[in-house]
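Look at the model first, then read on.

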Amino acid sequence: MSYASPRLIFWETTAGCNLRCIHCRRIDVADTLMSDDLTTQEARSFVDQIVAFANPILVLSGGEPLFRPDIFAIARYATDKGLRVALATNATLVDEDVARKIAESGIQRVSISLDGSDPATHDAFRALPGSFNRAVRGSQLIKAAGVEFQINTTVARHNVKQLPQMVDLALKLGATGFHPFLLVPVGCGVEIAEEQTIQPQEYEEVLNWLYGEEQKGQLEIKATCAPHYYRIRRQRQAELRRAGVDAPTGGARPGHPAGMHSYTKGCLAGTGVCFVSHKGQVFPCGYLPLEAGNLREQSMQDIWNHSPLFLNLRNEELLEGKCGECEFIKVCSGCRARAYGVTGNYLAEEPFCVYQPRQHRVQAQAMSIQRPDR
């Protein structure tokens, strides 16, 4: 039996990185390449395995992928095999030569991490003075080389009030998109979760604000690790229809191709997305540390189609708590990584969602009628 093929595959090309970000999903970050990284030949085999059954976007991430001397050769190989290739980098290592190699390798988009609208905020979060200015310079060199880029921002208490300024910065730099990531308590994020994580009601406010920004059409905006955004979109669109206003359908911004950005549903872990570690381990996403298989032992197609973990994630009937009874289950499903990080159960309800499903409300009202106050 086969299943829908993956839409996005993230490959952690190495755990090596030149930064020590306080929110990183990894705890064991190294400042050099790792001896157990997939070799160049293993990477090519990985690409061959992907194209044998799917045509996803392949995101080369890390760590810092620019640590790998063969990264551009791998990107070129994947491009020549017909894959759309993206690069996720902190951009601090980008100079004119690197920007040129990015373009020549066939990489179609680069995501650049900026976690503050000013150097002080970003540099403190990334734990490297000067990293903001270097990332901004890197973005401009990439743009000058003819490659589009997006800004990725981890949203936490330190920068949540700067989101309007982050959108302004993305527009000023000429970014194609702005993708805010809502902090997931895994890796180093566990240690700062209580200190840095915004609370559920503020999540709701941020996501509603993002919806308003999306409707302006100035910038491609996509909330990541925030599946309840898709519930909010449906609710806001329903409100417009009730008011007799045509509701927007979403997707790529006007005039921009949807190849690297299109709407599907909320949590795609194990259903439309997977994450491959630098050692070949396959996970539902980069924030859900439960292994579905290993490329050094199984084929990518076999893992994707037959992993019990992936099969569970594709079965909405297994979702527990209010996620399991929510009328928005097919467009949201709750963040499985956040559920696991908070409760230890990846099928538990989304702990940072304030919405009460209609069925849950009806049951609560029935209980209230049965047991009136005396």
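**Salt bridges in a predicted model**

A search of the whole structure finds 18 salt bridges. A salt bridge is a side-chain nitrogen of Lys or Arg within 4 Å of a carboxyl oxygen of Asp or Glu. This is a predicted model: local features need pLDDT of at least 70, side-chain atom pairs count only at pLDDT 80 or more, and totals for chains, interfaces and linings use all residues. Residues are numbered from 1 along each chain as its sequence is written, and side-chain values use heavy atoms, leaving out hydrogens and water.

- Glutamate 104 forms a salt bridge with arginine 100, with the closest N and O atoms 3.0 Å apart.
- Both lie in helix 3 (residues 96-104), four residues apart, about one turn of the helix. Helices are DSSP runs of H or I, at least four residues long; strands are runs of E, at least two, and both are numbered from the N terminus.
- Glutamate 104 is partly exposed, because its relative accessibility is 47%. Buried means under 20% relative accessible area, exposed over 50%, partly exposed in between (1.4 Å probe, protein chains only).

**Between distant parts**
- Lysine 161 forms a salt bridge with glutamate 202, the closest N and O atoms being 3.7 Å apart.
- This pair links distant parts of the chain, 41 residues apart: lysine 161 is in the loop between strand 5 (148-155) and helix 6 (163-173), glutamate 202 in helix 8.
- Lysine 161 has a relative accessible area of 68%, so lysine 161 is exposed.

**A buried glutamate**
- Glutamate 204 is found in helix 8 (residues 200-216).
- Glutamate 204 counts as buried because its relative accessibility is 12%.
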